[in-house]
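Hello,

Here is the structure I promised to pass on to you. Please have a look at it first, and then read my notes below.

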Amino acid sequence: MLNPLDVVKVIEDNVRRYGFPFPVPREAVYSWAKPLRLLDRGSTMLYTGALYQLTPYIASIVEQLSAIEGSRVSGLALKLSGILSSLGVSRLIVRPKGDMVSVVERILTSIVSLLERAEVKVAYPYEDDMYSGVLLYDLGLDELFKEHAVKVYRALKSRGAELLVTVDPHTTHIMRSVYPRYVDGYDLEVKSYLEVLAERGVRLVREPSGGKVVIHDPCLYARFENVVEQPRMLLRTAGFDVLEPRRSRKMTYCCGGPIEGLTPKMAKMIAKTRLEELREKSGTIVTLCPICYANLRAVAEGDVEVIDIALVLSGAKP
Amino acid sequence: MTFNALQAYQEIWGALLDEEFQEALRRASTISQVRVEELLAERRELVELCREVAGIKRRSIDTLEELVERAYRSLEAVRAKPYLAGDAEEARRIIGGLVGSGKLVVMAKSMAAAEVGLRGYLESLGNEVWETDLGELLVQLEGSKPMHTTTPAVHMTRYKAIKLISEKLGVKLKGDSVEEAVKAVREFLRGKIVKADVGISGANALAADTGAIILVENESNIRLVTSTPPIHIALVPVDKIVPTLLDAVKVAIVQAAYTGLYPPTYISIIAGPSSTADIERVRVYGAQGPRELHVVLLDNGRLKALKDPLLKEQLRCIRCGRCQYECPVWVHTANKWGGPAYGGPMGLVWTAITVDPIEAGKLSYLCLGCGRCDASCPVEIPLSTILRHLKTMASRSS
Ligand code: SF4
C-alpha cells in the first residue's frame, strides 16, 4: 500500500506550485468552452472547479499507481515521491485518458445547452475557472486550503460573480458549505446546475423510449447538499423510468473514488460492490459526479453502461 | 499502549489480499445492515428512542465531571467499591492488585478491557484468564484483537472458528456444525466459570443516581460472569455515565437495537454486591452472587477530550458498532483499520482519545468522507468531520 503521508505531501507541493493536485496544462480546464463563446464576466457564472476536466488525468494516474501497488505483494509502504520521479512526472502530465477527455467535453457542453434550454445564460471565467481545492480540504490541509480558497473567491468576484452554477457534487459542497467557513465575507450563492434546471423548469426533449435506468446518488449531493429529488424528477421528465438500488438517497453507497490515490485496490473493491448492486436494477447506470463516473466505469464489464446525467438529459446518450 | 499507523497500513494490505477475511466481512456486514434497516423500519419507536438517548448523552457529556463524582458517591452508597483510573496503566494496576496472581479469571466481553490490555496483563501476573463471549474467546484463541465492537470475531468464517476451537481448546469437533462448536465451548467455559475466583465485565451504562451498572447481551455469559465468582470487577469508561437508572436502560436498549439485537435477550442491572438479610435482618454480603463488587471508572484521555470541541462529540458514543458495519472502507478492513483496540470510524476517534491522535490521524486518510457513518449513528456523532479533524492534526504534526 502507498504511504498516505507521501501522497499528501505530493498533493500539497503540487497545489502550491501549479494550483492543481498534480501538474495539468491550464488550458485543459477551459479549452472545452472556447467554441461556445460564453461571456467571461457576469453575475450568473458557471464554475466547474476543474473537477470534471481533471478526471481523465486522475484516471490515468490511478492506473499507474494501481500497477505499482499491485507489484509489491509484501504490502510495504512505498515512498511515493520516489516513484513519481522514477515514473517521470512529465509522463503524468501529457497522458490523460484519451477517450475520457472527449466525454468530459461533451458533458460540460451539454450542461451549458441544458441551462440555455432553461433560459439561464451563464458567463464562464475561463482562466479563472480554478481548481476549488476540494482535495486539500478532504485531506485536512486547512491552512493551504484557506489560502487557496481566498484566491479562488477573489478571482470569481473580480469577474462579477454573484451566483455560481456548479456542475459536480464536490465543488457544489465545497463552494456552498465549506468556503463560507474559511473565506471572510464570502457572499456567493451556489447552486448545482441540477437544482437550477429543476427550479426553472427546463424543457427537456422527451425520450420516446427512455427505458429503465438506475441512479447512483453521489454521497455529497445526497447526504450533505440535499440534491436528491431533482435528478430523479429531471430523469422522469425526460421519459426515463428511474430505479433505486438497495442503498440509495441519504443512505447511498460510495464509489470508492476518494481513496483511489491512496489505495487503488480498495477503491476498486468498493466500486465493484457498488456496481454489482446498481446492476441488479439496470444495466444503464446514471452518475452525477465525474469521480463516480470514472470509478464505476473502471470496473464495469460486459453490457453495463455508465453514463453521466448531463448526457442523458440532453439526449446526447450514445 | 502505543501503535504505529504504517504498520497498521501493512496489515490492512494483508487483509485486502485475504479472501476468507473479505468473504466473512462481506457476509456479516450485509446481514447486519439489512437486519437493522428492517428493524428500524418496523419499529419507529426505536428511532424516537434513539433521539432521546442522543439528548441524554449530550447532557451527560456536558456535565461529565460532575456525573463522575455523583456516580462515585452512589457506588459507595450501594456498597460497591469505586476507583478512578486516570489512564490504562493505572487501571491495570488497580485491577491487578485486586486479582493478585494464581487466580482463575473469567471475562465478559469488554472493549474497555481491550483498551487497557487487561487480559494480557492479568496473564502476565500468573493468572489463568478466559474470555466467555464466544466471539471474544475466538479472538483470544487466535491471538488477535476484536475486529468489531460488538461482534469481535466478525472476520472469521465458521471453518476458521471451528478449527480454532478444536485445536486450541483440545475438543474434538467433527464436520462444520456451528451448533456442535457452541456446545463444546459452553461445556468448556462452564467448567471455568463455576471455579473462577474473579469475574470481570465492562458496562453499557452506569447510572450516576444509583450506582447501577447496566449490561446488555444475548449469550448470558455476562450474567454468569457477573454473578458466579465471589468477586466482580467492572471496568467502566467514564463516558458511559448517565444521570439516571432509566436513562441507562434506554442507552442499553438503543445500543442493542443498533446492533440488530431487539428485543435484547438479557439486560442486567447490577447495583452493589449480592446480599441477604433473611435471618434476623442481619445483612450478609455474598449470598448467591459476588460478595464484592469493584467498579473501576476509567478516564484514559476522556476528560481531556472534553476540551476539544470535536473529540468531545465522540464521548456520546454508545459503542453500537453501526458506523463500522455501514462504512465502505471498514467492510474491507474491519478493525485492522484502527489502533490496538478500536477501529473503523468510531474506533479511529477512540484511538485518538485513548492512545495517540497523531497516529490515529495518519490512519484517517483512508476515510472517504462519504458520511454514511454520520447518517447511521444513533446519537448523531459527526464522525466524518471528526476524522477530517484528525487528518489536520496529523498533517500539522509532520
Ligand atoms: S459512533 Fe455512533 S454508530 Fe459508531 S459505535 Fe458510536 S454510537 Fe454507534
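Predicted model: local features only at pLDDT ≥ 70, side-chain atom pairs only at ≥ 80, totals over all residues.

The domain assignment gives domain 1 of chain B as 5–42 + 307–397 and domain 2 as 60–300. Taken over C-alpha atoms, the centres of these two domains of chain B are 24 Å apart.

Now for the contact between them. On the domain 1 side of chain B, 35 residues are in contact with 30 residues of domain 2. Together the two domains of chain B bury about 2,800 Å², with carbon and sulfur atoms giving 60% of that area. The residues of domain 1 that lose the most area to domain 2 are I318(B), R319(B) and Y342(B), which together make up 19% of what that side buries.

As for polar links, the count between the two domains of chain B is 2 salt bridges, and there are 15 residue pairs in polar contact, both residues being at pLDDT 80 or more.

Three helices of chain B, α2 (19–42), α15 (322–326) and α17 (344–354), each supply at least two residues to the side of domain 1 that touches domain 2. Of these, α2(B) gives the most, with 9 residues. By class, that side of domain 1 of chain B has 21 nonpolar, 7 polar and 7 charged residues.

Enjoy exploring it!

Best wishes

Key:
Residues numbered from 1 in each chain as written. Chains lettered and ligands numbered in written order. Heavy atoms only, no water. Domains from an automatic or database assignment. Contact = heavy atoms within 4.5 Å. Buried area = accessible area lost by both parts, 1.4 Å probe. Salt bridge = Lys/Arg side-chain N within 4 Å of Asp/Glu carboxyl O. Polar contact = N/O pair within 3.5 Å; in protein donor to acceptor, adjacent residues only side chain to side chain. Helix = DSSP H or I, 4+ residues; strand = E, 2+ residues; numbered from the N terminus. Nonpolar A, V, L, I, M, F, W, Y, C, P; charged D, E, K, R; others polar.
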